Amino acid sequence: MLQPELSKEGEFNIGGIFNFRTGFSYREIQFAFTTIFAIEEINKKANILPNHTLGYKIYNACGFPNIIESAIALTNGQRPIINEINCTKADTVHAIIGNSASTPTMGFARIIGRFNIPVVSHFATCACLSNRKEYPSFFRTIPSDFYQSRALAQLVKYFGWTWVGAISNKYDYGINGISTFIIAAQEEGVCIEYWESFTSTDSASSVARTVNIIKHSTAKVIMAFMSHVEIKLLVDLLFKQNITGLQWIGSDAWITDNTLTESLGHTALIGSVGFTVPRAQIPKLGPFLQDVNPTQFPNSMFLKEFWESVFNCSLVSKAGQRRCNGSEHLKNANTFFTDVSDLRFTNNVYKAVYAIAHALHNLLLCEENKDPFNNATCTRHIQPWQVLHYLQTVNFSMGGGENVFFDDNGDSPARYELINLQRATKSTMEVVTIGYYDATRPKDQKFVMNDVNIVWAGGRQKVPVSVCSEHCSPGTRKALQKGRAVCCYDCIPCPPGAISNTTDASDCLKCPIEYWSNQRGDICIKKEVEFLSYTEIMGLILTFCSLLGTFLASIIFAVFFHHRQTPIVRANNSELSFLLLFSLALCFLCSLTFIGQPSEWSCMLRHTAFGITFVLCISCVLGKTIVVLMAFRATLPGSNVMKWFGPPQQRLSVLAFTLIQVIICVVWLTISPPFPYLNTDYYQEKVILECNLGSAIGFWAVLGYIGILAGLCFVLAFLARKLPDNFNEAKFITFSMLIFCTVWVTFIPAYVSSPGKFTVAVEIFAILASSSSLLFCIFIPKCYIILFRPDENTKKHLMGKISH
């Protein structure tokens, strides 16, 4: 029958299942003797389990069948010798500590749970063990991988690694841990290039396949969720193929393992980062471990083998081997077994023993009929199921101030240290704490970095880059590559009018309507506002032409006024001539209202002033044309027509024609007046500040009325163009109106098709051209006669007939 490797009877017994293995796992041996140390320490204390003693039964279980057999032996409590003294006493342990691996622990915890015997693990981290239905009696003093995997995903995101390889072993620990990591990483926006799994017992081709995938992958960061056995095998194979430059992220099962330096490729692990349980100090543990010797446990074959291996001697006479002389002492031996400088998982064993002791202590203190679980009489003979219930309620502080308790799933609080493997010697690696993770804190405070220099893969000081695609700079957006992961994309420049002001933007943001994107596409800038300004060349030229036309009209007005008594001025109603010159001056000046920044008043003034002054001008020309026709009629015998169109009628006609236009303008301004308008439709990169017509009907009514009068004037002048006078004014009016009508007919398509400020320029040009045609064609010939041919400025000459 399987016997415990290390044992000591007590009133309450704690079982232990550890895996010392062939070749000696110093960490597992340290776990076993830490259990013994904690039990003996508790037995010496007066404040916990006074007058009671703890015992232990620790099995060296190698392999899954052996672990299950050890668990059953602890459950059955069978003794090698049964007699009348002990046959009435149950020998079942009150709790079991172990195992260090998740899969074996799952195997025996499921069985032990049916007997309600507590199982407290110090190293089994698989999140699946939190299932209370499957493992009703399971507790652990190490956090669940549910938290470690998420912490690792946040770590990857923190350093900007979005393209990661994932490797695990094929056991429950690796499969569950890496699966949770992948899900959490994808939630953080991290892509997994590949996921491979293997075990140390797989065929060489299977492991070689994993090595080949790593060799040809583009991910420079690898998340390894496995034990120290698999990671050592893997880095050895990578070392042999000279595959370097990989940044390793380690799970707690291997990141602090002190046997990593046994592998050929252990230097490749320099720079590795990963989470592990916090470092702790256990007072007096070091001297206790140094005092361990085979005489304490004479029946332990393993301890004898361990002693002979450490000191390279034999406790019994063997041929060819030195005999141990009794002077050997572990304090003189440099082994990981006695190294207490970096206690992490060993402290979990220490806490597990104390948690069981506190549960027993609280159970012994229960009062009659006040049992919080079954409300029954407290029994003197404590059963494992009672310990199970009281373990759920333990809450105590260790020497360093750490609180120990379990949640409803039997899990401990998730607190980790982020460590970095740095300088290595032939036999050691330096473990440096570079950050912390506490799952009990708010989300934005869970992960904290220290101000410690981190050594990365290859001894570099710069954070390695592991991305499928380089970051998209501001001004571009990500465009996913077809058939590939979301982390693989092309960077597409934002279209005009849209920006991205962050790195790796998924979409470009459209600028507000009055803004436009800059050349880099990362800032919206206010659009250039375009209008016909006085300061630009075109505005200056048009202003000059307007003022020149006004000046010429004024000069001609002065010349006419000075020669107002001469026949050529009096011949055709000098009053209409002066009014026409005044209206032409206004026509030239009204073009100035179209230049400059449009305002509410300038928009209303420019169109109405233009419409009214032009109608006044055309009315005067129409009056002069009618006068010419009537005057010719009046020369015929018996004609009395001039009395119907004398000076009063001429003034009244001009007033009537102009008043109609005024009424049209008033109605237009009342119903829907022109107003300043930011036109963003024509140009994308700039805004046109223009005058919106308000009512288009009003605008075209104004132009239409001018067109009707101009057309009527042209027809009448055309009819009178060949009247037999020496100075036939109708001929000049015809020519001027021909130019006037031509200008405004061509104005309409030019006005409609011209963009921005050129629309205004076309309108100003039409005003200046049509005004100039009237000014030059009607008045320049008369000024020529007045100034340079005064001999023709006589009534006789004007009334003379043209010879045929």
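1. The model under discussion is a predicted one.

2. The relative accessibility of Ala127 is 24%, so this residue counts as partly exposed; the buried class would require a value under 20%.

3. Apart from neighbours within four places in sequence, the residues in contact with Ala127 are Arg140, Ser144, Asp145 and Phe146. As for Asn501, 374 residues separate Ala127 from Asn501 in sequence, and their C-alpha atoms are 41 Å apart in space.

4. The buried residues of α16 are Gln650, Ser653, Val654, Thr658, Gln661, Cys665 and Trp668.

5. Two packed helices are described by the angle between their axes and the distance between the axes. For α16 and helix α17 (residues 696-719), the angle is about 170 degrees and the axes are 9 Å apart. Because angles over 145 degrees count as roughly antiparallel, α16 and α17 are roughly antiparallel to each other.

6. On the α16 side, this contact is made by Phe657, Ile660, Gln661, Ile664, Cys665 and Trp668. On the α17 side, Gly698, Phe699, Ala701, Val702, Tyr705, Ile706 and Leu709 take part. The residues of the contact comprise eleven nonpolar and two polar ones, with no charged residue. Gln661, Cys665 and Trp668 of α16 belong to the contact and are also among the buried residues of this helix.

Terms used:
Residues numbered from 1 in each chain as written. Predicted model: local features only at pLDDT ≥ 70, side-chain atom pairs only at ≥ 80, totals over all residues. Heavy atoms only, no water. Buried < 20%, exposed > 50% of the residue type's maximum accessible area, 1.4 Å probe, protein only. Helix = DSSP H or I, 4+ residues; strand = E, 2+ residues; numbered from the N terminus. Contact = heavy atoms within 4.5 Å. Axes fitted to C-alpha atoms, helices over the stretch in contact; angles between N-to-C directions. Parallel < 35°, antiparallel > 145°, perpendicular 65-115°, else oblique. Nonpolar A, V, L, I, M, F, W, Y, C, P; charged D, E, K, R; others polar.
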